[in-house]
Amino acid sequence: MSAQKPAVPGVAPDTQLIARAQRGDEEAFTALFEAHKRRVYSLCLRMTGNVAEAEDLTQEAFLQLFRKISTFRGESAFSTWLHRLAVNVVLMHLRKKGLSQISLDETENSQGDPIKRDYGGDDRRLVGSVDRIALTRAIGELPPGYRSVFILHDVEGYEHNEIAEIMNCSVGNSKSQLHKARLKLREWFQQHQLQPRGKDSTGRTPPEGREEQ
Amino acid sequence: MSAELSQSSGARKRSVMRGVGMFLLIPAGLLIAATPPQVEKNIETTATPRISISNLSGKVIVKGWDRSQVHVNYTSSSPQVTVDTEEFPPQGPVDKVHFTTYIIDHSTPGEAATVDYTLQIPAGSNLEIRNPQGLVQVESVQGDTSVESLGGNISVADAGGHLAVRSVGGNIEIIRPSGRVEAYSINGSLHFVDPATSRLHGTTTSGNIVYEGDFVPGGDYILSDYSGNMDIVCPPTASFELNAKTVRGKVNNTFPLVSRHSSAPPISSANSLFGTYSTGKATLELTSFSGTIHIRQK
Amino acid sequence: MIEDQHEEKLNPSCREFQASLETYLEGEGGLPAHAGKCPACGALFADLALIRSAAETWPLESPAPRVWSNIRARLETEGFFREKEGFWKRWMAPFRLFPSAAPIGALVFLIVFAIFLLSPGDLYHQSKPGSAPALVATSVAPATLTVVEANLVRTVQEMEKSYKTREAYLDPAAKQTYARGLTSLDSSIRECLASLQAQPQNTLARRYLMQAYSEKADVLASALEYDGR
């Protein structure tokens, strides 16, 4: 992964903790959880958009990890191993829910409305509207396949070849889905910036920059 | 002369009446201006929409009903706060509705940034509420429900789905839940009444925990407090395995427990108790640091 | 069809630019002058870069403490936690290589320990610094934090510093609620540390200590992110 984000700074090296966890030391399990919980939970939350589901999946990912911890031999970084495991848990969950028969090799428009290719048709800028709340909402509106690729690449820092492997698709397809996802997001931001759906019945429009509240 | 007098008197009367009218109109106008903005609307939805309410302060009261419709009524305490309603998709029955309270003028004092919400929502809705300050009451919602507050009290009755409730300082009351329950507070107390769920987890630091009701066979009930007391009141027909531990507190139990898998007395020390009551169908894990754990019959 | 018509409106420079858009967004290859000349392509690139950068810096969120409680409960049920390695186990570790010798080793240890306890005077203080028997040093030393716990404490302290700078901007009600929560948690932490000082092997007290720190981190994170909602 190219943009691996660090775990909690200053926490004891994973190798020591793993060795202790392999011996059944409860503190080591706690410490491993503490060190990696934010990253795993955030991934689950972003992929599902639902707190309850994200908590369940975080739980499931860590349980799977701890059950397999005796087999960990350090061939790859522990965080990479855990993260990949968490991604698989989430994708499996989404498949079970039938949300993402995420075959990315499907036809171009299988993921929702057609994307306008007229990128240049609208030069309205998105100044100041891409904050955390807005991004969460916008990503929540993406079709599952687009969402997965966008999160894995732009948020989690996976490379296209890794995504292709994880999602069982071609590299080209991963790239194309990512591009479409970004364009969809832009479209979403443009719509919500310029045509806010929400007006209260007094006719007032929410204030400028409302997403930043 | 008399006619003049009469005319003059009439003019005076009209003038006085106009004065009185104006006098009455000014406060009436002020009264209208001071009436808090109240909004009422209906939104046609699917049977299981996702509803979220993100408020700043005020009451949020939500009730599930059997219609595929959201009926919302909200009252702002001042024109300086407004509510943004977002509905998805734009056409057809709505699947997601977000209500978000915004402050227009950030110099608005906290007490003026209050919005009270009352909603009826489809019983199958998934519900998410964030209301830092103020009461939250939810009733008869069968989908997953998540409620977060900072200082407000939370009461949820007859929830059917996964229920996650969290408040830093508020008390939490959960009545007759039938789905998985997770309740968490730092200073607030937790009160569970007649749970019909098989998974219940409650944690508080300085609040008390009261559990009133029976346990579902095969259920897991994990309750933990730090300095508060815990009171478990259940019927004599209950069946459970008990694992109660404290660091510096006490365990008081009135049930005749036996040791697991034998009729020997339960394992007990000054601040812990392990044992089985009846056939031990449910599992109770109760922990406290310095509080007292009471387990008693109803 | 409509899309094709739109595409036809694009001039060759726009087409060329947009075909390589992904490369520019990945920072590979310099941005061509076209982006500065064509407002539509410039806006497109700027917007996508804004989205890309927002995604990269999307802050992480913490799960509720119940997530760990659930995991812990499951691990405990499944028998993952063996007896915590206290002094006794650590001391006995070399004997694990020779399992049959372990009881003998234990006996030898007990005899040595008994002699040690029965010997006149305070051997610990009579010994030269650093030469005190490990047992005495361990059992009388104040409850110390593990490296991990110490790091968690440091993280919480850092968060607390940030909170102090932000506290003044919170509305009074929120400030009061956070203050009460943090006071309770600080009091828990003090008491747990005192308990561990008295009983270093008390696993429940250590669990409460870790839980209090973890909850404190959550409350501080919530306070730092608090924007009125």
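**Contacts, pairing and packing**

Biologist: Leaving aside its neighbours within four places in sequence, which residues is B:Val251 in contact with?

Modeller: Two residues are in contact if their C-beta atoms, placed from the backbone, lie within 7 Å. Once neighbours within four places in sequence are set aside, the contacts of B:Val251 are B:Ala244, B:Thr246, B:Asn271, B:Ser272, B:Leu273 and B:Ile293.

Biologist: What is the basis for these values, and how are residues, chains and ligands labelled?

Modeller: The model is predicted: local features need pLDDT of at least 70 and side-chain atom pairs count only at pLDDT 80 or more, while totals for chains, interfaces and linings use all residues. Residues are numbered from 1 along each chain as its sequence is written, and chains are lettered from A and ligands numbered from 1 in the order in which they are written.

Biologist: Does B:Val251 count as buried or exposed?

Modeller: A residue is buried if 20 or more other C-beta atoms, placed from the backbone, lie within 10 Å of its own, exposed if 12 or fewer, and partly exposed in between. B:Val251 has 22 C-beta neighbours inside 10 Å, so it counts as buried.

Biologist: Which strand holds B:Val251, and how far in space is B:Val251 from B:Leu286, C-alpha to C-alpha?

Modeller: Helices (H or I, at least four residues) and strands (E, at least two) are DSSP runs, numbered from the N terminus. B:Val251 lies in strand E20 (residues 250-253) of chain B. Although 35 residues separate B:Val251 from B:Leu286 in sequence, their C-alpha distance is 9.7 Å.

Biologist: Which residues form the uncovered face of strand E3 (residues 69-76) of chain B?

Modeller: In a regular strand the side chains alternate between the two faces of the sheet. The covered face of E3(B) has B:Val70, B:Val72, B:Tyr74 and B:Ser76. The uncovered face of E3(B) has B:Gln69, B:His71, B:Asn73 and B:Thr75.

Biologist: How many bridges join E3(B) to strand E1 (residues 38-54) of chain B, and how many join E3(B) to strand E6 (residues 115-122) of chain B?

Modeller: Two strands pair if DSSP finds at least two bridges between them. E1(B) and E3(B) run antiparallel, with B:Val39 bridged to B:Tyr74. E3(B) and E6(B) are also antiparallel, with B:His71 bridged to B:Gln120. The number of bridges to E1(B) is 7, and the number to E6(B) is 6.

Biologist: How many helices does chain A have, and what percentage of its residues count as buried?

Modeller: Chain A has 0 strands, and its elements read α-α-α-α-α-α-α-α from the N terminus. The number of helices in chain A is 8. Of its 213 residues, the buried share is 48%.

Biologist: How are helix H6 (residues 144-155) and helix H7 (residues 160-167) of chain A oriented to each other?

Modeller: Axes are lines fitted to C-alpha atoms, for helices over the stretch in contact, and angles run from 0 to 180 degrees between N-to-C directions. The axes of H6(A) and H7(A) are 10 Å apart, at an angle of about 140°. Angles under 35 degrees count as roughly parallel, over 145 as roughly antiparallel, 65 to 115 as roughly perpendicular and the rest as oblique. H6(A) and H7(A) are therefore oblique.

Biologist: Which residues of H7(A) meet H6(A)?

Modeller: H6(A) contributes A:Ser148, A:Val149, A:Leu152 and A:His153 to this contact. The residues from H7(A) are A:His160, A:Ile163, A:Ile166 and A:Met167.

Biologist: How many of the 12 residues of H6(A) are buried?

Modeller: The buried residues include A:Arg147 and A:Asp154. H6(A) is largely enclosed by the rest of the structure, because the buried count, out of 12, is 12.

Biologist: Which helix supplies the largest share of the side of chain C that touches chain B?

Modeller: In this interface 27 residues of chain C are in contact with 28 residues of chain B. Helix H6 (65-77), helix H12 (172-198) and helix H13 (203-225) of chain C each supply at least two residues of the chain C side. The largest share, 12 residues, comes from H12(C).

Biologist: How many residues on that side of chain C are charged?

Modeller: Ala, Val, Leu, Ile, Met, Phe, Trp, Tyr, Cys and Pro count as nonpolar, Asp, Glu, Lys and Arg as charged, and the others, Gly among them, as polar. The side of chain C that touches chain B has 12 nonpolar and 9 polar residues, and the charged count is 6.
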